[in-house]
Amino acid sequence: MSKDEKNKDLSRRDFLQKGFRLTAALSLGGLGIFLAKDASSEDMLWQLDPAKCVQCGRCATHCVVTPSAVKCLHVFDMCGYCDLCGGYFRPEAKQLHTGAENQLCPTGAIKRNFVEDPFFQYEIIDELCIGCGKCVAGCDAFGNGSLQLQVSHDICVNCNQCAIATNCPADAFERVPSSKKNISKGFSGGEDV
């Protein structure tokens with residue numbers, strides 16, 4: 001093998017090595033950029049902070065979805081399972097039975113189930129809830145606040161400019177990461193309930 005052929009082989013070898021190193025470096029750099037972008041692009045969702053909510057009723061009337069994507073959520077670990085539930089009964093209710101004339105909810109979206117004397121469990125029927133917040137106001141006034149409004153992400157279309165957030169007098173709406181999509185006040189400490 002002549003000296004020129006040997007130099008030619010070395011330069012081919014050098015060329016292949018440099019090409020491999022350059023390809024590997026570009027691949028690692030691209031992977032790093034992809035991972036960094038993926039970690040910072042978590043979806044952001046609208047959510048209502050129940051600690052700021054004033055139950056004004058605008059969630060029921062200003063949402064682009066009918067009925068509203070805001071629904072009542074029952075935080076069971078806060079509930080007292082009261083016979084006389086301030087979120088279920090109208091303040092002027094004369095009897096504690098499930099007659100429509102006694103219920104605070106205008107759509108009958110709260111189901112009252114007997115547990116044992118004197119305790120009752122209250123269940124929200126999402127399909128009937130319009131997000132008016134009347135039950136939430138009653139529970140806050142006469143109970144321990146276990147009924148809270150939250151955006152239902154199964155229904156919300158996640159508008160860029162939420163119509164409810166724009167009209168909320170308490171600035172209770174905010175963007176939250178999809179991994180922390182529920183905000184609750186009380187014993188659950190903001191965890192999904």
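Throughout these legends, buried means under 20% relative accessible area, exposed means over 50%, and partly exposed is what falls in between (1.4 Å probe, protein chains only). All views come from a predicted model, in which local features need pLDDT of at least 70 and side-chain atom pairs count only at pLDDT 80 or more, while totals for chains, interfaces and linings use all residues. Residues are numbered from 1 along each chain as its sequence is written, and side-chain values use heavy atoms, with hydrogens and water left out.

View 1. Helices (H or I, at least four residues) and strands (E, at least two) are DSSP runs, numbered from the N terminus.

**View 2. Who sits around L147?** Leaving aside residues up to four places away in sequence, L147 touches C72, L73, H74, G87, I110, I124, C135, V136 and C139. Contact means heavy atoms within 4.5 Å.

View 3. A salt bridge takes a side-chain nitrogen of Lys or Arg within 4 Å of a carboxyl oxygen of Asp or Glu, and a search of the whole structure turns up three. In the D83–R112 bridge, the closest N and O atoms are 2.9 Å apart. D83 belongs to the loop between β2 and β3 (110–116) and R112 to strand β3, so the pair ties together parts 29 residues apart in sequence. D83 is partly exposed at 29% relative accessible area, while R112 counts as buried at 12%.

**View 4. R112 again, this time over a ring.** R112 lies over the face of F120, 3.5 Å from the ring centre. For a charge to sit over a ring, NZ of Lys or CZ of Arg must be within 6 Å of the ring centre and within 35 degrees of the ring normal. F120 is buried, with a relative accessible area of 14%.

**View 5. The other two salt bridges, K185–D140 and E92–R90**. The side chains of K185 and D140 meet at 3.3 Å, N to O. That pair links distant parts of the chain, with K185 in the segment after β6 (173–177) and D140 in helix α3, 45 residues apart. K185 is partly exposed at 25%, and D140 is also partly exposed, at 30%. E92 and R90 form their bridge at 3.9 Å, N to O; here E92 is exposed at 52% and R90 partly exposed at 34%.

**View 6. Aromatic rings in pairs.** Rings of Phe, Tyr and Trp (its six-membered ring) pair if their centres lie within 6.5 Å; planes under 30 degrees apart count as stacked, over 60 as edge-to-face and the rest as tilted. The structure holds three such pairs. Y88 and Y122 make a tilted one, 5.5 Å centre to centre with 45° between the planes. Y88 is in the loop between β2 and β3 and Y122 in strand β4, 34 residues apart. Both are buried, Y88 at 2% and Y122 at 1%. F114 and F120 pair edge-to-face, at 5.4 Å and 70°, with F114 exposed at 53%.
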